[in-house]
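Good morning, and thank you for the time. Please have the sequence and the model open while I speak.

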Amino acid sequence: MNYNPYNLINKTIFITGASSGIGKAIAFECSKMGAKLLITGRDKERLADTYSHLEGSGHLMFAADLSVENELKNLAERLPVIDGFINSAGIYRLIPFQFINREEIKKIFEINFTAPVTLCQGLVKLKKIKEGSSIVFISSIAGNMISAIGASVYSASKGAINGMIKGMALDLANYKIRVNSIIPGMIETNLTSEKLTAEQIQNDIKRYPLKRYGKPEEVAYAAIFLLSDASKWITGTNLLIDGGFTLL
Amino acid sequence: MEILEFTENFASQFNETGSVKINPESKFRDIEEWSSFHALSIIAMVDEIYKVKLTGDDIRKSSTISDLFEIIKSKIK
């Protein structure tokens with residue numbers, strides 16, 4: 001029996017932030033579902049590592065720093081036409097509100113909001129996102145449902161994504177392009193802060209009803225759903241994956 | 001960098017320190033208000049003023065303000 005409404009066969013999926021963490025896991029899992037992948041990340045070596053572990057063939061990699069306008073433009077021009085776009089590039093920085101400044105706000109917003117949105121806009125304008133495609137932003141419960149100590153700017157950048165996907169979903173519905181986000185709780189990646197101790201992290205884990213942080217592949221499964229034809233009638237929504245964290 | 005100046009910068013991260021006057025030998029976890037928020041504030045203050053990146057572990061293994069001062073000094077060199 002080959003029935004599988006979640007398969008990604010014959011779909012070309014573009015993934016940012018694919019050199020580590022959630023983006024890397026999404027690239028692996030999508031390749032297992034039959035997708036052809038276009039991956040990008042800043043770190044050439046780590047990107048090549050992701051690339052070498054992809055299943056199937058015909059994948060391409062593009063090393064680029066999306067916070068540099070020229071590199072972003074250049075990438076948009078080089079990309080072939082796609083059926084799906086996962087934005088997983090992002091930074092997580094903890095800084096108490098009284099210490100935030102313009103520079104910090106600019107940097108976090110550039111990487112978490114402006115760069116992915118501009119890239120998406122560029123691809124739409126260049127008609128590189130096919131009719132019926134799916135765009136997915138990896139956002140966060142922070143800024144959408146909760147926040148955390150020292151995470152005001154990070155939360156704001158993720159809250160901005162929520163507003164953007166709703167507006168994009170409306171405008172891009174004209175092209176039958178769907179736009180959604182995934183809002184995970186804390187995921188086990190290197191994107192946790194060294195400003196926290198192991199003990200603080202252990203205490204935080206206890207606050208999750210399912211008693212653990214999420215795994216990158218668990219976000220990938222949700223991404224596969226939103227990329228696949230199984231979610232054809234879902235647009236403008238935030239898919240919550242948080243081990244029950246926001247129930248309490 | 002002077003320890004007294006550092007102690008003042010440290011103390012200014014708190015609303016009030018009660019009857020206990022903060023001095024270099026104060027055990028900062030004994031300050032009533034002390035929390036993970038204050039740990040992050042100390043890290044941010046040290047980054048802003050002394051351009052030194054402290055980690056959560058640097059705070060964890062320190063007990064007094066002067067312990068922290070020594071770690072910062074070692075990172076400046």
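Over all chains, the count comes to 14 salt bridges, a salt bridge being a side-chain nitrogen of Lys or Arg within 4 Å of a carboxyl oxygen of Asp or Glu. The model is predicted, so local features need pLDDT of at least 70 and side-chain atom pairs count only at pLDDT 80 or more, while totals for chains, interfaces and linings use all residues. Residues are numbered from 1 along each chain as its sequence is written, chains are lettered from A and ligands numbered from 1 in the order in which they are written, and side-chain values use heavy atoms, with hydrogens and water left out.

Let me begin with A:Asp204 and A:Arg207, a salt bridge whose closest N and O atoms are 2.8 Å apart. A:Asp204 counts as buried at 17% relative accessibility, whereas A:Arg207 is partly exposed at 49%. Here buried means under 20% relative accessible area, exposed over 50%, and partly exposed in between, with a 1.4 Å probe and protein chains only. Elsewhere, salt bridges that share partners join A:Lys11, A:Asp229 and A:Lys232 into one network.

The next pair is A:Glu29 with A:Lys32, where the closest N and O atoms lie 3.3 Å apart. Both belong to helix H1 (residues 21-32) of chain A, and because they are 3 residues apart, about one helical turn separates them. Helices (H or I, at least four residues) and strands (E, at least two) are DSSP runs, numbered from the N terminus. A:Glu29 is buried at 14% relative accessibility; A:Lys32 is partly exposed at 47%.

A:Arg93 is partly exposed at 28%, and A:Glu104 is buried at 11%.

I turn now to the helix. Which residues of helix H3 (residues 69-78) of chain A are buried? They are A:Leu72, A:Leu75 and A:Ala76. Seen down the axis of H3(A), these buried residues fall within an arc of 100°, so they line one face; the arc is that of the directions from the helix axis to the C-beta atoms. The face turned away from that buried side carries the exposed residues A:Asn70, A:Lys73 and A:Glu77.
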